Amino acid sequence: MARKKKKPLLKRLKNGLIYRGAQAAYFLVTKLPRRFGIRLFGVLGGFAFHLTGVEKKRTIEHLRFIYGNKWTEKQIQMNARRVYRELGKNLFDMVYLSRLEEDDFNRIVRYNSLEEFDQAYRRGKGVIVITAHLGCFEMLLHFFAIHGYRSFAIGRKMFEPRLEQLIRKTRSGHNIEYLDRSGNTMKIVRFLKEGKAFGVLIDQDTSVEGVFAPFLGHSAFTPSGPVKLAMKMGIPAFVVTTWGCGDNTHYVNISNELKMLDTGDFEADLVKNVAMANDLICDAIKKNPMQWVWMHRRWKTREHEVRNGQ
């Protein structure tokens, strides 16, 4: 049997430091009062803005790309720092909320209505919950689980096994299943057939099946798998977004059930249905721009390059 190749020393040291930092942050969340913890993690997020290089630059560039004709350069720089502060606050609550019992959770997390979602869930065909990296999005698994909906999500395996275990801890609990992205397609279909709710993020340009659809006014490569699944299997789908409010509560917005276009041209309908989901996500981002992950390369894949095979 071939021996597993060791990672280079510097990479192992870097991964170890990242893990220790995440471990320390997790420990702090379990010990600090929430109000103080949110404030502290917001300050730490502000520090992180100055310490990150590429991500800081990318955040500023993307804010300039979208808001350059509305905001001054000073506003762009100021709001870029705020993005990191909000990220720090939401990081605290990502762990904090995952540890709460139902009554305490519901005092912090408000929502518009679960009525239509509940009706769709009770059909027993599963539900696809389309969401985005906005606000404290990690807690949505716990939100649906606490309200009695069996839920599951998939994620990419982390580069550091110990960090993977820490993240799994925040993504686990009663009524929740968490799967690795690779090799679990059949399990996803099985869970949906069992009537579970499938939470999936579509607001990043990643190496998965996708289509080009408008995102904040510009064409962006968007994962299309969840929408395709809903179209092919007749599974009800909703766009669910969340954001933090000024009083340190969180608000969850559940859309109406998406009415999937079905004209007989599947590929054209797929693009339009993905665009419909993107529009709802973008509406939420526009209301809460400082709570989205502007450091991600959302528009990195160019449509003309794909068409030309570049």
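Visitor: What makes the contact between Glu257 and Arg123 a salt bridge?

Guide: The side chains of Glu257 and Arg123 meet at 2.7 Å, N to O. A salt bridge needs a side-chain nitrogen of Lys or Arg within 4 Å of a carboxyl oxygen of Asp or Glu, so the pair qualifies. Glu257 is in the loop between β9 and α11 (266–287), and Arg123 is in the loop between α6 (115–121) and β2 (127–131); the pair therefore ties together parts 134 residues apart in sequence. Helices (H or I, at least four residues) and strands (E, at least two) are DSSP runs, numbered from the N terminus.

Visitor: What do these values rest on?

Guide: This is a predicted model, in which local features need pLDDT of at least 70 and side-chain atom pairs count only at pLDDT 80 or more, while totals for chains, interfaces and linings use all residues. Residues are numbered from 1 along each chain as its sequence is written, and side-chain values use heavy atoms, with hydrogens and water left out.

Visitor: Why is Glu257 called buried, and why is Arg123 called partly exposed?

Guide: Buried means under 20% relative accessible area, exposed over 50%, and partly exposed in between (1.4 Å probe, protein chains only). Glu257 has 15%, so it is buried. Arg123 has 46%, so it is partly exposed.

Visitor: What makes Arg107 and Asp104 a salt bridge?

Guide: The closest N and O atoms of Arg107 and Asp104 are 2.2 Å apart, so the pair meets the rule. Arg107 and Asp104 are three residues apart in helix α5 (residues 102–108), and so about one helical turn separates them. Arg107 is exposed because its relative accessible area is 57%, while Asp104, at 34%, is partly exposed.

Visitor: Why is the group of Val43, Leu44, Phe47 and Leu51 called a nonpolar patch?

Guide: Patch residues have over 30% relative accessible area and no salt bridge; like charges are joined within 9 Å, and nonpolar side chains (Val, Leu, Ile, Met, Phe, Trp, Tyr) within 5 Å. Val43, Leu44, Phe47 and Leu51 form such a patch on the surface, with about 420 Å² of accessible area together, as given by the Shrake-Rupley method with a 1.4 Å probe, where for residues only the protein chains shown count as cover. Leu51 belongs to helix α2 (residues 34–51). Its relative accessible area is 74%, so Leu51 is also exposed.

Visitor: What lines the second largest pocket?

Guide: The lining has 13 residues, of which Ser98, Leu100, His142, Ile146 and His174 lie nearest the centre. The elements giving two or more residues to it are α4 (73–98) and α7 (140–146). The most comes from α7, with three residues. A pocket is an open set of points on a 1 Å grid over the protein atoms alone, where a 1.4 Å probe fits, with protein on both sides within 12 Å along at least five of seven lines; lining residues have an atom within 4 Å of a point.

Visitor: Where is Asn248 placed?

Guide: Asn248 is in the loop between β8 (237–244) and β9 (250–254). Its phi is near 70°, a positive value in a residue other than glycine. With 24% relative accessibility, Asn248 therefore counts as partly exposed. The C-alpha atoms of Asn248 and Lys89 are separated by 9.3 Å, although the residues are 159 apart along the chain.
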